[in-house]
Amino acid sequence: MNFKFGLFFGLTVAFAGQALAEAPGGKFAKDAEQTFRSSFRADNPSYWMTRLEQDETMKTCGQYRDNPPRKIGEKLEKQNAATIRYPVDGKLIGDWKEGEKLAAVGTGGHIGFIQPDPAGKLRGGNCYACHELAKKEVAYGTIGPSLNHFGKIRGNSEEIIKYAYDKIYNSNAFTACTNMPRFGLHNWLTPEQITHIVAFLVDPESPVNKD
Amino acid sequence: MIRRLMKTLVGAAVLAAFAGGVAAQDSKVADEIAKYREALADGNPADLFEVKGEGLWTEKRGPKNASLEQCDLGQGPGKLEGAYAALPRYFKDTGKVMDVESRLVHCMVTLQGFTQAEVTKQWYSKPGKDSDIEALVTYIGAKSNGMKINVPATHPEEAKMAKMGEYIFYRRSGPQDFSCSICHGQEGKRIRLQELGNLTTKDGAGFAMKTWPSYRVSQGTVWTMQRRLIDCMRQARWPEPNYLADSIIALETFLQKTATGTVMETPGIKR
């Protein structure tokens, strides 16, 4: 074996190793899915159990540990962009004061037998869990980027407003497998509630931009 | 022991005082926690659970009027040293990979004659209703304090469980598109003020796993790993897996395997 062949062989093995990076669970992925699915009480309401179902985006993201090849990512982004719906009156900017409240609310939507939320409990965007927004709120998370001065930096052109709305409605339209939930797609927030959060982000009077 | 217990009682009083402030001002939690971690270094309220657990371990109970002293947690009958740190593992007699809790329940059923339903009815405590399991697991856990987590998952069934745990760790679903990995797959992140460990690395998984079971200040009781993981799923807005479900044991195997080599510091104390 000459040097060139050795080099070629070595590189081929290295590339193949990368391309074939094993999906989580490896050959036990199917068993794992079944094991997971059979972990729940039979008397769970069927509405609860629907929360375990995966659309193509969820399945693919898991398979690639949230880092899909660009081609596949682009396909998912197109699919997700197609799901975005707008308020009937077409207005994408709501009331920033309502948006401020929704950004802070982290409760709502818990199910189960141990500690479920009472019916009708307000569901918020829980934005502060992952993002810095208004300076005065110091208890913010860092999973997402800081959005402090979002409007001050980017302005409040129609383009920016639409981007903010679309991103909150379906984050995967822009970055497949991002950590950010798809608030509109899952009806976690209504289109109207999303417009309030958009206002909180872009309104010059909002504490996100003022302080 | 009495002196240690006194310290614990004083600690519990200090803790109660702090806990009131915590509810009022969420944002100061991180600072306060750091303070009482220090203040309670040798007065963790979990010590009370440990003492109670020791009593439950040695007391003759159940229809068979037997103690748990012959329970085999993987190191041989009655051998508790290092048992917690080496779980989950495969057990020949049941043909299953079991964690500390499923094995403990198995012993309570086979040695003491309880039914599984009786034993697991109170698998976590509620106000005014203590959980024997919390106390026993704290006691068993403490017997691994200072020892290295050791779950290489070399048995084929253990290896399979670890891989299944990995699958579940990355599995996304629910109205928030969550998986474990969303919060626990990267370095140096926070949710609100709570620091998040990267559970895919030895350091991150080790830091998380070495302190369980842990006294949780905000809950006023000890949480076992089953409780911790089932509650993560509740927070993800999924339905709750059953207590002792294989999916939970799979996640534990994945995490303990990743954490293997880390020295246990249990019982811990957390927010």
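User: Which residues have the most contacts inside the largest nonpolar core?

Analyst: This is a predicted model. In its largest nonpolar core, the residues with the most contacts are L104(B), L136(B), I140(B), I168(B), A250(B) and L251(B). The core has 71 residues.

User: What makes this set a nonpolar core?

Analyst: Two tests. Each member must be a buried residue of a listed type, Leu, Ile and Ala among them. Members must also be joined through C-beta atoms within 7 Å. L251(B) shows the joining: beyond its neighbours within four places in sequence, L251(B) is in contact with G165(B), I168(B), F169(B) and L229(B).

User: Which residues of helix α6 of chain A are buried?

Analyst: In α6(A), residues 96–104, they are W96(A), G99(A), E100(A), L102(A) and A103(A). The label needs 20 or more other C-beta atoms within 10 Å, so these five residues reach that count.

User: Why are they said to line one face of the helix?

Analyst: Look down the axis of α6(A). The buried residues fall within an arc of 170°, so they line one face. The elements covering them include α9 (191–202) and α10 (207–210) of chain A.

User: How do you know which helix gives the most to the side of chain A that touches chain B?

Analyst: By its residues in the contact. The contact takes 45 residues from chain A and 37 from chain B. Helices α2 (29–37), α3 (46–49) and α4 (56–63) of chain A each supply at least two residues of chain A's side. α2(A) gives the most, with five. By class, chain A's side divides into 23 nonpolar, 15 polar and seven charged residues.

User: What are the two domains of chain A, and how many residues join them?

Analyst: The domain assignment gives domain 1 (3–72) and domain 2 (96–112 + 122–210). Six residues of domain 1 are in contact with four of domain 2. Domain 1's side of that contact has three nonpolar, two polar and one charged residues.

User: How much of chain B counts as buried?

Analyst: Of its 271 residues, 51%. Chain B has 11 helices and seven strands. Among its contacts between residues at least 6 apart in sequence, 69% join residues at least 24 apart.

Methods:
Residues numbered from 1 in each chain as written. Chains lettered and ligands numbered in written order. Predicted model: local features only at pLDDT ≥ 70, side-chain atom pairs only at ≥ 80, totals over all residues. Domains from an automatic or database assignment. Contact = placed C-beta atoms within 7 Å. Nonpolar A, V, L, I, M, F, W, Y, C, P; charged D, E, K, R; others polar. Helix = DSSP H or I, 4+ residues; strand = E, 2+ residues; numbered from the N terminus. Buried ≥ 20, exposed ≤ 12 C-beta atoms within 10 Å, placed from the backbone. Arc of directions from axis to C-beta.
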